Amino acid sequence: MTSSSRARRFKVGIDVGGTFTDFFVREAAREPVIHKVLSTPADPSIGVLAGLHELAGALDEPLELAAFLGHVEVIVHGTTVTTNATLTRRGAKTGLITTAGVRDALEMRRGIREERYNNRYTNVAPVVPRYLRVGVTERLDRHGRTVQPLALDDVRGAIDLFKAEGVKAVAICFMNAFANPAHEIEAAALVRRELPGAFLTTSTELLPAIRFYDRVSTTALNAYVGPILDNYLAQLQRRLTEAGFAGALLIMQSNGGVMTPDVARKSPALTLLSGPAGGPIAGLAAARPHGKESCIVVDMGGTSFEAALVEKTPVVIKEGEIDRLRCALPMLGIHTIGAGGGSIGWIDQGGLLRMGPHSAGATPGPACYGLGGELPTTTDANLVLGYLSADFFSGGRIKLNPQTARDVIAKNIAAPLGMTVEAAAAGMYRVACTNMAQGVRAVTIERGSDPREFPLVVAGGAGPLHSCVICNDLDIALQIVPRESSVLCASGMLMGDLRHDFVRTFVDRFPDLQWQKLNALIAEMIAAGDRILASENISPERRQHAVALDCRYLQQYHEMSFPVPLAAIESRDAQAILRLFHDEHNRLFGYSLEEEGTPVEIVNVRVQSVGMTDKLESFGEPFSGADASPAHKAERSAYVVEREAFETIPVFDGHRLHHGNRIAGPALVEMVTTTAVISAGYDAVTDKYGSLLIYRKGREDLVSAALRPAS
């Protein structure tokens, strides 16, 4: 080992997806290293270690795996283990102990039919079957006063049932427990004593907030995925330790922050959006050098497509759903659909072409992989259309078979629709792009924002293949393809801070609030945040605490969350807080009831405690001029969407493009881990950080800083 390698220190971001596992390695004063390997769904930790082994040998000064891991200071890991367990219903066998008479709340949900005019719409199956949902005698009123004491014999009966049925996880959630956790604490003590090996979740530890369905659903989900994540993290930590890793392992959580494995094991539902959560953070970092404090971030991988709106910070929602199952823990506002490179094309009963949501995954993968796939996918269509090189996919590590792609498209799409293979492939491509454009509408138009006002930051190995058509559909003039586009989520994981969210129900009205009680409650939550951050070795000067209130107009059904300066609460400035509420309500819903004098009430108080982590600085390269010809590598016949015809277009090596290099569309830009399609309506220029800026022809004003040397 050289003296220089002994001093090297690495930070590694790892994103385990359904098809590929992505790696992003940062080292001070050096270019980042990007790598991808096929995921190993049966045991994702195997793919993680295999990728790390390949990474160690791919460094500019190659290392053995143990030596490489010895120099790794921190690994930030995003995982889809809990997401996939929920989507496939392969979580642990779970039992629920709840208040007698309300065990069907998991099935009744909010009592609102999601598609009220669809008579064939079926309810989602709860993660806990009815026979394992046990109601016990107990009752608290909304102030936490005992109406009926807890019947411990009922709890024992539930435990006996769980033992007989081989239950591996237990959720406890009682009515009004948010106001007084005594009954849940009592029941939990008995469960721990009688079922010591079961994973246990109580609602008052996880989510001590009003709204029973939200609380019981979140508690049940947490228990359901708990043993799965615990087993995975144990395997991962064991493999890493045996391989020589002695640094810090952090887990990405759904709110865009990171946490230690111990916190993740206790609250595994925090990882339900762990995989894609790094994307919005990295997307904003790519947009900021161009004066953009807001953007839309899209990530198209092999299995799914995620879209998120970032307005100065990633949008965090206080409740969301995973496969129609409510999770009321804070998470980034990421919209996910089944649209990836492996999405399967099929003809529905009406004779219409559909793409996804089913995917070929990593095994067997698209038909063109030659691993046994027999159904046409988006990747097969992209190969037929000339967007992918059969010899350079994944830098040449995966050889694609164009004839196999043509055969499966001909059999399953072209022949049934009576068209050529090329026309069928173009149709598959177009439908996939339309699906993704609709996903972007879900996080913009449907939430009151105009997509034309934001640049589109494009990520994922398959994202840049489709982004021009998506932008054209949505009338977006600028898209940014970061240098680390194919592993954007993994890169964003190294930008995250430690984050811990706390929520407490506090029902009171303005202007006559119990200010002293409110301040005491916030101080208690901040102190809890300080304790956790201190246990994670975050010094006081690197800690921040943000306060938000969930408020509503009196007699409204839903409350709205908005940030409030702590100083306004400490100074008891009701007018300042109400001004923030009215303005945010008007922004979101187009009206406020301020002039009518409708009273405003608080429902919940939220605190987010943040521990700032060290980040590595990115260094730009000098201006190289507009000439991109040194990066020109070939010409290839490819489908030009605007002209609905195949044309011979230039292909550029993305790794040889430098700051200021310009490319006129139509063209292709190939990199080891992704390919960008620049359609006929767009041109492109490379910025100083290696990002490809793709802009509508004639709109050089959008990328003016990248077109000339810095003054």
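Author: Buried here means under 20% relative accessible area, exposed means over 50%, and partly exposed is in between (1.4 Å probe, protein chains only). Helices (H or I, at least four residues) and strands (E, at least two) are DSSP runs, numbered from the N terminus.

Before we go on, a word on what you're looking at. This is a predicted model, where local features need pLDDT of at least 70 and side-chain atom pairs count only at pLDDT 80 or more, while totals for chains, interfaces and linings use all residues. Residues are numbered from 1 along each chain as its sequence is written, and side-chain values use heavy atoms, with hydrogens and water left out.

Back to our helix. H17 runs over residues 515-535, which makes 21 residues, and its first and last C-alpha atoms are 30 Å apart, close to the 30 Å expected at 1.5 Å a residue. That expected span is 1.5 Å times one less than the number of residues.

The buried residues of H17 are Trp515, Leu518, Leu521, Ile522, Met525, Ile526, Ala528, Gly529 and Leu533. Looking down the axis of H17, you find these buried residues within an arc of 155 degrees, so they line one face of the helix. (The arc is that of the directions from the helix axis to the C-beta atoms.) An α-helix has 3.6 residues a turn, so residues three or four places apart point the same way.

What does that face pack against? The buried residues of H17 pack against strands E25 (498-509), E26 (543-553) and E28 (600-611), along with helices H18 (566-570) and H19 (574-589). Contact means heavy atoms within 4.5 Å.

Just after H17, asparagine 537 has a positive phi of about 65 degrees.

Further along, glutamine 555 is in the loop between E26 and strand E27 (560-564). Its phi is near 80 degrees, a positive value in a residue other than glycine, and at 78% relative accessibility glutamine 555 counts as exposed. Then there's arginine 572, found in the loop between H18 and H19. Arginine 572 isn't a glycine, yet has a positive phi of about 60 degrees, and with a relative accessible area of 47% arginine 572 is partly exposed.

Finally, zoom out to the whole chain. You'll count 19 helices and 35 strands, and 56% of the 711 residues are buried. Among contacts with a separation of 6 or more, 67% are between residues 24 or more positions apart. The C-alpha atoms fill a box of roughly 80 × 65 × 60 Å along the principal axes. For 711 residues, a compact globule would have a radius of gyration near 27 Å, and the chain agrees with its 26 Å. That radius is taken over C-alpha atoms, and the globule rule is 2.2 Å times the number of residues to the power 0.38.
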